[in-house]
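Hi,

Here is the structure I said I'd pass on. Have a look at it first, and my notes follow below.

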Amino acid sequence: MTADERAAGLPRPEDVDSWEGVRVVRVVVADDQAVVREGIVMLLGLLAGVEVVGSARDGEEAVALTAELAPDVVLMDLRMPRCDGVEATRRIRERHPGTEIVVLTTYADDDSLFPALRAGARGYLTKDAGGEEIVRALRDVTDGRAGLSPTVQRRLLEQLLERGEGPEPAGSSGGTGPGAADPAVTAGPVAPEADGLTERETEVLVLVADGLSNQEIAGRLRISTATVKSHINNLFAKTGVRDRAQAVRYAYQHGLVRAPGRRVT
């Protein structure tokens, strides 16, 4: 187990007493490449709170195993023979709505991302994701939240901006609170006292909006990953957002980020 996993409170698989009360997430892994599929199964087997109940070589097998085993989550590759991941996701969500889908793929382009989300995937990760990120996505989707990588969150926000659904221009009328743009702040960066955020919490929020992971934020700010998580939990509570995707949207709406990859100065 890594230091990040220990900091996240993830117990060791062999330490049964420490996670006896934690609900185990039952997972089916679907990937057409045997080496990749077996590697994912082996990785998940080392993580506490996760049980791999089956593995599939293509989408057809993933659909059949879901019907047979009723897993909590299918960890789904996209490009597979016979039935690809998008079609398998659509069938599973239609026939077995109690099973969530987390895509785990090499591809993060729009032609892969958006069809998978429209088909019903609630999570989307690329195959460079670490064990902690995969476990977090599995937990998020089973708890009713989105399990999206920071890069995917950022791309979704870019799409909102491109469609004119980003921050309201200064002087426009609208509601107040975490979900609405405030003309007083969209003209510049959020002041440290906005919504009670400290200067450090504001800085962490900007880096979340830039698509950085917790580990990357820790390296950038030269603080521990546990401290980053503490700051994120605090800013979530203060701004009223529930997850990283909403935090990124909040940052755009409140003027922390004006355009993809560029902060307000």
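Let me start with helix H2, where Val35, Glu38, Met42 and Gly45 are exposed on one side; exposed means over 50% relative accessible area, buried under 20%, and partly exposed in between, with a 1.4 Å probe and protein chains only. Before going on: this is a predicted model, so local features need pLDDT of at least 70 and side-chain atom pairs count only at pLDDT 80 or more, while totals for chains, interfaces and linings use all residues. Residues are numbered from 1 along each chain as its sequence is written, and side-chain values use heavy atoms, with hydrogens and water left out.

Back to H2. The buried residues there are Arg37, Ile40 and Leu44. Looking down the helix axis, those buried residues fall within an arc of 65°, so they line one face of H2 (the arc is taken over directions from the axis to the C-beta atoms). Their cover includes strands S1 (25-30), S2 (50-56), S3 (73-76) and S4 (100-105), plus helix H6 (131-142). Helices (H or I, at least four residues) and strands (E, at least two) are DSSP runs, numbered from the N terminus.

Asp58 sits in the loop between S2 and H3, and counts as buried because its relative accessibility is 7%. A polar atom of the Asp58 side chain is 3.1 Å from the backbone nitrogen of Glu60. Not counting residues up to four places away in sequence, Asp58 touches Met80, Pro81, Arg82 and Cys83; contact here is heavy atoms within 4.5 Å.

Glu61 belongs to helix H3 (residues 59-69). With neighbours within four places in sequence set aside, Glu61 contacts Ser55, Ala56 and Arg82. Glu61 and Ala88 are 27 residues apart in sequence, yet their C-alpha atoms are 9.0 Å apart.

Now the cores, meaning sets of buried Ala, Val, Leu, Ile, Met, Phe, Trp, Tyr and Cys residues joined through side-chain atoms within 4.5 Å. The largest nonpolar core has 24 residues, and Ala30, Val74, Met76 and Tyr124 touch the most other members. Elements giving two or more residues to this core are S1, H3, S3, H4 (85-95), S4 and H5 (110-119). H5 gives the most, with four residues. Apart from this core lies another of 23 residues, among them Leu207, Leu221, Phe236 and Ala251.

Finally, Ala30: beyond four places in sequence, this residue is in contact with Ala56, Ala62, Val74, Leu75, Met76, Asp77 and Met80.

Cheers

Note on methods. A polar contact is a pair of N or O atoms within 3.5 Å; within protein, one must be able to donate a hydrogen and the other to accept it, and residues adjacent in sequence count only if both atoms are side-chain atoms.
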